[in-house]
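Welcome, and thanks for taking a look at this one with us.

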Amino acid sequence: MSEPPLVQEIRQGAMWIRLNRPEAMNSLTPQLLAGLSAALDEAQARDEVKAIVLTGEGRAFCAGADLKFVRADATGPEAAAAFLQRVLATMNRIAAFPKPVIAALNGLALAGGLELVLCCDLVIAARSASFLQAFSKIGLVPDTGGTWFLPQRVGMARAIGLAMLADKLPAEKAAEWGLIWQVVDDADLAATVDKLAAQLATMPTKALVRTRQAMHAAPTHTLEQQLSMEGGFMRELGWSPDYAEGVSAFMEKRAPKFTGQ
């Protein structure tokens, strides 16, 4: 009996979703995407899940889309286009997920796998992990948001260099460049991410998601537009139970008990 392409578990208020095709560097297939979609559905529906952790099994985090399913000559143009559209929809969903998403980078993030990482809110990488924007090696351009995320995270010069030259970027340099949040020793990755996920699970979920939305919108907004968006979010959150709890806890000098509402 073959292993499932994805495994999941809930611990400390977070759902861990592990891509489980190590023999293929966890590249994305229709079956894996279906499993990921179902896991996200469950995570979104379950109130006790306050955060998502996305990671991989084996030496890679993800190698992007499995090329067997994107080659029009192998699957037919309609099937290849439908598969790529499904990949894009998955990336969009993760980037806009209504709960915080952590990437626990266990190994290489290649091509679309790099973009999958950058769809997440916080990235914690094992020291041995690395990134590779490899589309130029096969005559393509970065897709699934690669040309959007990279310039914003590392600047235009570095983004173009990574995309054109397809040089491997070690995790430590990625952290120095501001591409990711933190690098830890390989042996400490799971414990570090567990602690971070547990922390996020105690925080006001809606406020965290609105913060992400505002920051994603900022590069295309004028200051006036951004101030308007912030004001709208503040008015919305100012009536939320979590805000009331936060203020009460501050006044009473105790730890808040947020519910994500």
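Contact here means heavy atoms within 4.5 Å. Keep in mind that this is a predicted model.

Leaving aside residues up to four places away in sequence, Thr 90 touches Leu 33 and Leu 36. Is Thr 90 buried or exposed? Buried means under 20% relative accessible area, and Thr 90 has 13% relative accessibility, so Thr 90 counts as buried.

Helix α3 spans residues 77–95 and also has a part in the second largest pocket, where its three residues make up the largest share of the lining. Nearest the centre of that pocket lie Ala 65, Leu 67, Ala 111, Phe 135 and Ile 138.

Now for the largest pocket. Cys 120, Asp 121, Leu 122, Arg 212 and Met 215 are the lining residues nearest its centre. Two or more lining residues come from each of β7 (122–126), α5 (146–154) and α9 (205–217). Among these contributors, α9 gives the most, with six residues.

| Pocket | Volume | Lining |
|---|---|---|
| Largest pocket | about 610 Å³ | 23 residues |
| Second largest pocket | about 360 Å³ | 19 residues |

What classes of residue make up these linings? In the largest pocket there are 16 nonpolar, four polar and three charged residues. The lining of the second largest pocket has 15 nonpolar, three polar and one charged.

Conventions:
Residues are numbered from 1 along each chain as its sequence is written. This is a predicted model: local features need pLDDT of at least 70, side-chain atom pairs count only at pLDDT 80 or more; totals for chains, interfaces and linings use all residues. Side-chain values use heavy atoms; hydrogens and water are left out. On a 1 Å grid over the protein atoms alone, a cavity is a set of points where a 1.4 Å probe fits but cannot get out, and a pocket is an open set with protein on both sides within 12 Å along at least five of seven lines; lining residues have an atom within 4 Å of a point. Grid points are joined across faces, edges and corners, and a volume is the space filled by probe spheres set on the points. Helices (H or I, at least four residues) and strands (E, at least two) are DSSP runs, numbered from the N terminus. Ala, Val, Leu, Ile, Met, Phe, Trp, Tyr, Cys and Pro count as nonpolar, Asp, Glu, Lys and Arg as charged, and the others, Gly among them, as polar. Buried means under 20% relative accessible area, exposed over 50%, partly exposed in between (1.4 Å probe, protein chains only).
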